[in-house]
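Take a moment to look over the chains before reading on. This short report walks through a few of their features, one at a time.

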Amino acid sequence: MAATMTQKVMYTDTTICTGCRACMVACKQWNQLPYEEPEWTGGYGNRSHFSDKAWRFVRFIEVDDPRPSHKGEVQWLMMSDVCKHCQQAGCLEACPTGAIHRTAWGTVDIDQGICNGCRDCVASCPFGVIAFNADTGRVNKCTFCSDRVPAGMPTACAKTCPTSSIRFGDKEPMLEMARARVKELKAQGFERANLYGDSDILGGLNAFYVLADSPSVYGLPERPELPQRNVNLDSALAIASSVVIGLAALVSFRDQGAGRQG
Amino acid sequence: MTTNLIDIQNADVIMITSNMAENHPVGFQWVVRAKERGAKVIHVDPRFTRTSALADIHVPLRSGTNIAFFGGLMAYAMNNDKIHTEYVAHYTNASMLIDDGFGFDDGMFTGYDGDAKRYDRTTWRYQTNPDGSPKRDTTLRHPRTVYQLMKRHYSRYTPEMVERVCGIPKAKFLQVAELFCSTGGPKKTKTGTVVYALNLTQHTNGVQNIRALAMLQLLLGNIGLPGGGVVALRGHANVQGATDLAVLYQDLPGYMAMPLRDVHPDLATYLEKETPKGGYWINKPAFFISLLKAWYGDAATKANDFGYDFIPKREKADAYSQQHIFVDMYEGKIKGFFAIGQNPAVGNPNATLARAALAKLDWLVVKDIFHTETAEFWRAPGVDPKSINTEVFFFPAAPAAEKNGTLTNTMRLIQWHNMAVEPPGDVRSDLHFWYHLGKRIKALYASSTARRDQGIKALVWDYPEEGKHAEPSAAHVLREMNGYVWAPDWKDRVQLKSFGECKADGTTAAGCWIYTGVFPDEKTNRAASRQIDKSGKDYLQHGWGFAWPANRRIMYNRASADLDGKPWIESKALIQWDPDADNGPGAPKGKWVGRDVPDYGPTLAPRAPKNAAGPLKGVGGNDPFIMRPDGVAGLFAPLVDGPLPEHYEPVEAPTRNLLSKQQINPVAKIWQVADGRNEIAEVGSSKYPYVLTTYRLTEHHLSGVMSRQLPWLAEMFKSHFAEISEELAKEKGIRNGDLVEVSTPRGSIKLRAMVTKRLRPFTIDGKTVHQIGIPWHWGYVGIAKGDVTNDLVASVGDPNVYIQESKALLCNVEKAAQQGVA
Amino acid sequence: MQISRRGFLKFSGATTAGVAVGSLASLGVDLSPVVAYARDLRIKNAKVVPSVCPYCAVGCGQLVYVEKVDGEDRIINIEGDPDCPHTLGALCPKGSATIQLSINERRPTKCLYRAPGSDRWEEKPLDWMMDQVAERLKKTRDQYFIETEKGITVNRLDAVANLGSACCDNEECYIQSKLLRTLGIVYHEHQARV
């Protein structure tokens with residue numbers, strides 16, 4: 001069943017995000033994540049980074065309104081940040097056990113039964129998404145509701161989003177909508193409006209965004225790169241060995257997977 | 001709310017005056033939908049909020065100056081040919097002539113009695129014809145027409161004046177005026193909707209604020225049309241229902257007056273005084289006697305005025321409101337007190353007074369889902385429990401998922417929720433509490449022969465008990481609210497199908513006439529109906545729940561059609577007259593048809609003369625406002641503080657009133673409280689120089705009982721904070737995150753400063769006025785704890801309804817010693 | 001379930017070979033998955049009960065998922081009802097947190113009594129509490145009731161006040177109005193006033 005699924009994405013139009021943070025709570029509710037002491041961010045946000053207990057969080061950014069028609073006025077940008085489910089996923093590449101894998105619908109998930117808590121993935125994510133959970137000794141992050149999606153249910157955050165700022169659906173139509181939205185925003189005077197996560201960003205993000213301003217305004221890397229990209233040819237041997245590790249992990253996973261599938 | 005959230009998507013312009021995105025986020029999706037369809041969104045708010053972030057235009061307005069702004073818009077509409085002339089002339093009282101004795105001078109209407117601080121409203125009335133009907137000039141030219149009086153009244157509300165008073169730059173005001181008034185005009189082609197919430201109500205002119213907004217909508221011809229109307233957003237799940245069911249001092253269920261001793265000494269006088277001569281309210285005797293019958297059954301007879309005396313009579317009108325309760329409690333007049341699902345130790349204005357008052361009680365009963373500041377007032381910070389002799393009883397309460405019942409949402413939609421699980425331990429529903437308390441009380445009085453106890457003995461209290469906790473059947477309570485043909489036993493009670501079946505002779509019982517139809521037969525609970533039309537024909541989704549009255553989704557929908565019963569705007573048709581509709585053999589042809597239940601006589605033809613008799617007596621074919629005696633909307637309406645909204649400054653204001661010599665609402669309620677517990681800052685106070693406004697946040701709920709105790713919500717906003725502009729912060733040497741002390745003459749609180757670009761100083765009459773914003777959810781119980789914002793708020797009220805003025809007051813802010821900053 | 005490893009191998013190989021930033025699909029990379037990490041849908045055996053959000057007055061439809069846990073019905077999930085026509089399945093953060101009104105270790109489940117001058121709560125049986133409140137109410141009523149004023153029957157009790165609630169159901173509001181008015185109570189209010 002799952003193998004025949006189409007690519008699923010979350011398209012977030014930040015320009016209709018009201019920063020209500022229902023997505024954060026719905027994520028915690030569905031995934032049964034506990035309370036975590038918040039930080040004082042100086043604004044409406046309660047955190048500035050992901051954690052093992054916060055797989056999604058809203059960034060609040062106060063800026064001068066970028067539209068010429070609103071010169072001199074303030075604008076309040078909000079962005080519900082989450083794992084981008086990159087097509088070129090640093091975490092997946094770094095994972096020596098195969099716990100981090102690509103799902104049938106194109107997203108990146110961590111098999112908690114396989115993860116050994118090595119944390120190689122943590123440093124390899126250009127978005128700081130993955131966090132180590134000291135209670136379980138494993139890493140975790142947004143699963144793209146890998147339990148809901150195969151059952152035909154949208155992700156918990158997208159479902160609850162009051163304004164449909166976060167949309168769940170098939171990749172191509174969602175990308176079309178996003179591209180059209182960027183055009184619309186540009187026409188409205190958001191000259192730097194952009195689609196963050198088309199194929200130019202890490203091969204495409206399965207959680208992509210329409211932004212009203214440059215990615216850096218939102219704290220996003222303009223051109224995210226994977227740590228592996230920085231290695232030179234001298235490291236080819238090391239890379240080759242990682243393939244071996246990957247295969248070994250796969251074998252071990254197959255055994256576990258078979259057991260779990262019964 | 002006159003309209004329906006779903007219908008907001010049909011608006012061409014939306015003017016939001018509340019903070020809808022933050023306080024009604026899920027309803028706000030319809031604003032976003034409208035925007036996608038090309039609508040423009042205006043947000044009027046002193047602060048730049050999460051609503052402003054999605055608006056096309058943010059209009060910063062100094063707190064407490066709404067009428068100056070709305071008055072400016074009305075003036076703009078009247079002076080620029082933006083009124084929907086035909087609608088205004090025929091569907092409102094703009095064309096009525098007003099008594100020659102009525103006038104207005106420098107802020108005061110005719111008839112003010114300075115000693116009594118009240119208006120004699122005798123001249124605030126129509127000129128009448130010999131038959132008693134109002135004199136009318138539908139050309140609107142006569143100088144005594146309401147329209148001409150309004151035009152003169154609001155001529156002072158120029159764009160320049162709006163700028164001076166509200167701090168809105170003239171160019172921005174004109175931009176907004178042009179945009180919103182584009183939904184009006186004699187050849188109207190668009191509709192606009194307006195949204196409000198506590199932003200308008202919590203003022204000493206709260207009712208007039210709302211009237212001004214509604215009047216603007218009437219002038220533009222926006223009431224009753226798709227994409228029009230007034231969107232009133234209520235804060236609690238059941239503010240609408242609790243109001244319908246009259247958990248309010250002045251009402252009985254279904255908006256009938258709670259008797260006043262000197263006005264309503266007996267039933268005949270009550271009905272005579274309370275029943276108008278025209279409009280649908282002429283049926284009030286049937287509704288009122290059906291209510292008495294539902295309460296007192298066989299003991300309600302013609303001979304005893306149907307048990308009229310079993311209901312208490314109020315001593316006077318200016319009494320018993322929530323603010324009166326705590327003033328009177330502090331004075332020792334109240335001995336016992338129930339706080340059932342309310343937390344006044346945090347939520348009441350002048351909350352220090354409320355907490356001090358609780359200490360004067362003999363006994364206090366609190367029922368809530370979690371511990372509340374009210375239940376724990378005896379161990380609040382700084383309080384010595386030994387000094388407090390109040391007995392406190394705390395009962396744990398069940399949330400909706402643990403009980404059966406209905407909630408009426410902000411669009412009058414009654415929705416049933418099912419008990420998903422039994423509540424744990426000794427937790428019970430509030431229905432269980434009141435029902436079993438009632439049973440005990442009835443048992444305690446069972447043998448009494450005293451006259452004063454006979455009402456308790458007569459009280460019909462026969463709801464079947466269900467389950468292991470003897471939970472009373474909520475469905476049967478709803479059946480009683482709906483009404484039935486009176487019979488002593490449930491098995492013989494035949495449900496009423498519509499309130500038209502209510503009788504004034506004691507043969508029908510109905511606990512809340514406006515709810516009739518929700519349970520039309522014993523097997524059909526329409527509040528539990530969850531049918532969806534997926535064809536797109538029924539966009540208002542009449543199969544989902546039941547909207548009172550009569551499952552109508554948009555009120556005053558007759559006004560969506562013109563004098564001939566055709567839609568004013570073809571693309572915005574709602575109901576219209578079908579002259580060929582067959583009404584059965586022998587009956588004249590023609591009826592109202594369309595996408596909603598007509599808010600009208602279903603076969604009352606356009607241009608028909610006023611009915612001389614019958615249930616719609618006094619209503620003619622072009623009178624869309626059938627609850628009004630004259631069938632038209634009241635632009636001119638004699639409230640206790642004036643027939644036309646007039647700008648007055650808040651009781652605490654940074655400036656003199658620039659529009660008249662009258663500084664504040666001349667009949668505003670200002671309580672005199674002992675021990676200096678209600679001191680007021682003077683106009684332009686140097687000690688309290690900043691405007692303070694209070695509000696709510698998406699992630700918390702009102703006094704916080706249902707949010708500060710929930711880990712996930714407490715985590716979203718844990719620290720209490722005050723929003724302060726960068727300019728003021730610089731002036732006061734305050735940095736983001738600093739602990740500050742905010743004070744008013746009533747008290748002071750400590751909290752963190754959130755320095756932000758989103759608050760900016762206003763320029764008022766050439767002077768800089770700073771404003772501070774503080775949400776009010778915090779208290780001393782829960783995961784998220786902080787000082788009580790309402791400690792800052794004064795005991796002052798709107799003279800019509802006594803709501804407090806917590807949107808606009810004066811304060812000071814100073815950097816505090818930086819200890820214990822979490 | 002068949003697990004395709006081919007994709008994983010190709011993907012793995014492609015990346016280690018250092019594919020430049022760009023569309024993998026355009027390079028002919030098969031993105032089909034190596035695994036389907038099938039997690040159980042934790043609500044798959046739950047009973048679904050329609051409900052209404054208890055926070056603001058938008059009145060969002062909710063679905064309450066109930067499962068037997070240790071022999072007792074327990075709420076395991078609450079989310080928006082996608083059929084609800086005015087909300088379409090959405091909930092705000094408060095609505096999304098509704099389950100913590102029920103499942104919350106801070107929630108009191110016993111009746112509590114605080115005696116005059118005491119610095120603590122005492123747990124008391126529900127019946128005892130109800131009896132005590134009924135007695136207090138009757139005693140206060142009997143002491144302070146006003147039967148007539150100026151020759152008019154007023155049947156009023158000024159010594160007891162009630163703040164009911166906009167959090168209560170209609171049925172709860174209705175029977176409290178019915179009971180308390182009949183006892184003579186005129187201080188009868190809820191949050192619409194403030």
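What is the order of the strands in the open sheet of 3 strands in chain B? The order is β20-β19-β21, with antiparallel pairing. Before going further, note that this is a predicted model, in which local features need pLDDT of at least 70, side-chain atom pairs count only at pLDDT 80 or more, and totals for chains, interfaces and linings use all residues. Residues are numbered from 1 along each chain as its sequence is written, while chains are lettered from A and ligands numbered from 1 in the order in which they are written.

**The sheet in chain B**

Helices (H or I, at least four residues) and strands (E, at least two) are DSSP runs, numbered from the N terminus. Two strands pair if DSSP finds at least two bridges between them. In this sheet, β20 (494–495) and β21 (508–509) of chain B are the edge strands, each pairing on one side only. Strand β19 (residues 484–485) of chain B is joined to β20(B) by 2 bridges, and the two run antiparallel. Look for V485(B): its bridge partner in β20(B) is V494(B).

**Where the chains meet**

Two residues are in contact if their C-beta atoms, placed from the backbone, lie within 7 Å. For the classes in the table, Ala, Val, Leu, Ile, Met, Phe, Trp, Tyr, Cys and Pro count as nonpolar, Asp, Glu, Lys and Arg as charged, and the others, Gly among them, as polar.

| Side | Contacts | Classes on that side |
|---|---|---|
| chain A touching chain B | 23 residues of chain A with 25 residues of chain B | 11 nonpolar, 8 polar, 4 charged residues |
| chain B touching chain C | 132 residues of chain B with 102 residues of chain C | 74 nonpolar, 40 polar, 18 charged residues |

On the side of chain A that touches chain B, α1 (22–31) and β3 (74–82) of chain A are the elements that give two or more residues. On the side of chain B that touches chain C, the largest share is 10 residues, from helix α16 (residues 430–444) of chain B.

**An enclosed helix**

Why is helix α15 (residues 351–358) of chain B largely enclosed by the rest of the structure? Because 6 of its 8 residues are buried (20 or more other C-beta atoms within 10 Å of the residue's own, with C-beta atoms placed from the backbone). Among them are L353(B), R355(B) and L358(B). Their cover includes α13 (322–330), α14 (344–347) and β13 (363–368) of chain B.

Technical notes: Buried ≥ 20, exposed ≤ 12 C-beta atoms within 10 Å, placed from the backbone.
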